[in-house]
Amino acid sequence: MLPARPSLETRLSAVRFLLREMLAWPASLGVLVAGVVLLPFLPLGVGLYPVPRLLAVLNLLASRAQARACAYGSAVVPFDRRRLADRYTFGELAALVSAPETKRDVSWLLFHAAFALLAGCLAAGLPLAALLYVVAAPFWTLFPSDMPLELAFPVTGWPAAGATVLLGLVYGYAAWLLPPWLARRLSGGTLGILSPRRYDELSRRIQDLSTARASALTAHAAELRRIERELHDGAQNRLVGVVMMLGLAQRAAETDPAAAAPFISRAQDAATEALAGLREAVHDIYPPILDELGLGGAASALTSRSPIPCALDAHGLLRAPAAVESAAYFVLAEALTNAARHSNASRIEVVLRTEAIPHEDVLVVRVRDDGGGGAALPPSPGSGSGSESGTGSESGGGTGLAGIARRASAFGGKLILTSPPGGPTDLRVELPCAF
Amino acid sequence: MRLLIAEDDALLRAGLELLLQGEGFEVVGSANNAEDLLAAFEPGSADGAVLDVRMPPSFTNEGLRAALDLRAQVPDFPVLVLSSYVEDRYASRLLASGAQGVGYLLKERVGKVGDFVDALRRVLAGGTVMDPEVIAQLFSRRGTQDPVRSLTPREFQVLGLVAEGLGNTAIAQAISVSETAVSKHIGNIFAKLGLSPSDSGHRRVLAALAYLRS
């Protein structure tokens, strides 16, 4: 069955796609040659240096080819490509080389090196040849007989000229028909080779989930420790203070009842502080307002308390598990505090929304301000270098952007921050609603 | 009596100083962490130390380790360790450093100023003081077949007071019975636990603890 006849527009876009693939072909060939040249050196250990770089280049080429193919086919890029580090140990390198991604990239390289030039030449050459044959053949008489017009064959008489024009028309028809088919083959092949197999995709997802689960457990443990500390330093110690002051008061009262009064008032102060500490701890465990008003209502309570005028859009927000809502609440609270402290903004926009992405729903918290920008995440432990500006990163560890990133990663979520110097700042946190 | 204090909470440290000075002790050094306390310590400069278990930087058992350190420098240096919660392993580690002059109490015991000061004096005199909670925790770990389970509530209470380092007279006052009744209870306790009675306060504690820990 034939597909619907392509319009001129789609034919042209097919030609454009094929020409771009042809332009990308030398790079593919270069990498292929470099790879073949390097192959014998691999076991010698010399491969440690060039292989990651070669793979990085290959990764880049493949990702661009994938993007081109997706753009051509109006497809969505199906997955995030892996990110390569600069340096690998031998074991990591071996794992890298034998990874399914590497196999896919190499298959694509062979495919592209073999067919991209051919397809591009056909797409570009056929119409040119057709044009040349049809236009030039009638002028064969202008050529001297010892050096005749050579096209597909020497044109030395009208029959040959007629045959050449006919051939040109055949080429022209081919140039009309072929590109969409070629482009479909090439883009389909690229996506087919580069897209992870179902199995790979699943194992990748399992890996992601294990990472998220481990980080959730770590974050949970850290959270418990933080609450314990808060209770110990806040309420518990204050209450010991109360008991101690009352003991002193009692002791003082034995000799002089009037001397007890200052101790009693200090006991009262300590008790008040203990209550405040308890209230804070309870609130930090699960804000009662969340239960009562849901995330939308709780968020509006937060935004109305913000010293900077704050617009809240919570349409498109669905109920999420309590833990996720509570994380979103704290993310928002932290982001608003941050903005109030550092941004010098005159307006903040908050959007809370439930978005559907493949596999799951995510709760999106987005906070934009028109302030000075320049906020940066403190370097996360384990990742080497990172720029740190004082903005947003308090020494407390659990506060500021670091705290937001920690909460987000605890739920397998993401923090995306754009805050160029001079602003504006756009903070987006995605929290998966289910694991 | 010259004392060292280590407590990271400013209010509690100030309160503790006030309380001890009011009771006639001399506070010769007070620190908000264990390291500063150890730095300030010189053998002969103090007669004892009161330490919070949990202090910066790691908020785990800095105070306990500092106490053991002090006792390593000066054998049987009296230490009274205060904690927000009871951990019988801490008690065991303290006792392992020597039986003389060791105390381990819940922080809130300072509220009963008289009892607290008595306990501190017993420690400074070379006695042993364990929080009743330590004893309770040790008891709760015992199985149902345990002879400790065969103690009557009164005997249990008396054993707790024994563990706190009280002598028979003090126990008799504490639970308002005659001293002979206390002796009888203690005789019963040690009989039930299979221990031979002894007169000295802290040796009885140690016997009890050693048995409970076994």
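**Exercise 1. What percentage of the contacts in chain A between residues at least 6 apart in sequence join residues at least 24 apart?**

Solution. The structure is a predicted model, and the answer is taken from its coordinates. Begin with the inventory of chain A, which holds ten helices and seven strands. Then take the contacts between residues at least 6 apart in sequence: 71% of them join residues at least 24 apart.

**Exercise 2. Decide whether Ala116(A) is buried or exposed, and list what it touches.**

Solution. First place the residue: Ala116(A) belongs to helix H4 of chain A, which spans residues 100–136. Next count its surroundings; because Ala116(A) has 24 C-beta neighbours inside 10 Å, it counts as buried, the cut-off being 20 or more. Finally, leaving aside residues up to four places away in sequence, Ala116(A) touches Glu21(A), Met22(A), Ala24(A), Trp25(A), Ser28(A) and Leu186(A). Arg20(A), 96 residues from Ala116(A) along the chain, has its C-alpha atom 9.1 Å from that of Ala116(A).

**Exercise 3. Describe how H4(A) packs with H5(A).**

Solution. Start from the geometry: H4(A) and helix H5 of chain A (residues 158–194) pack at an angle of about 160 degrees, and their axes are 8 Å apart. Angles over 145 degrees count as roughly antiparallel, and therefore the two helices, H4(A) and H5(A), are described as roughly antiparallel to each other. The crossing of H4(A) and H5(A) is left-handed, and the residues of their contact divide into 25 nonpolar, six polar and one charged.

**Exercise 4. Work out the strand order of the five-stranded open sheet in chain A and find the helices that pack on it.**

Solution. The order is E3-E4-E5-E7-E6, with mixed pairing. The edge strands, each pairing on one side only, are E3 (310–313) and E6 (414–418) of chain A, and the twist averages 15 degrees from one strand to the next.

**Exercise 5. Characterise the side of chain B that touches chain A.**

Solution. Count the partners: 15 residues of chain B are in contact with 15 residues of chain A. Helix H1 (residues 10–22) of chain B gives the most to this side, with six residues. By class, the residues on the chain B side divide into seven nonpolar, four polar and four charged.

Terms used: Residues numbered from 1 in each chain as written. Chains lettered and ligands numbered in written order. Predicted model: local features only at pLDDT ≥ 70, side-chain atom pairs only at ≥ 80, totals over all residues. Helix = DSSP H or I, 4+ residues; strand = E, 2+ residues; numbered from the N terminus. Contact = placed C-beta atoms within 7 Å. Nonpolar A, V, L, I, M, F, W, Y, C, P; charged D, E, K, R; others polar. Buried ≥ 20, exposed ≤ 12 C-beta atoms within 10 Å, placed from the backbone. Axes fitted to C-alpha atoms, helices over the stretch in contact; angles between N-to-C directions. Parallel < 35°, antiparallel > 145°, perpendicular 65-115°, else oblique. Left-handed = near helix turned anticlockwise from the far one by under 90°. Pairing = 2+ DSSP bridges.
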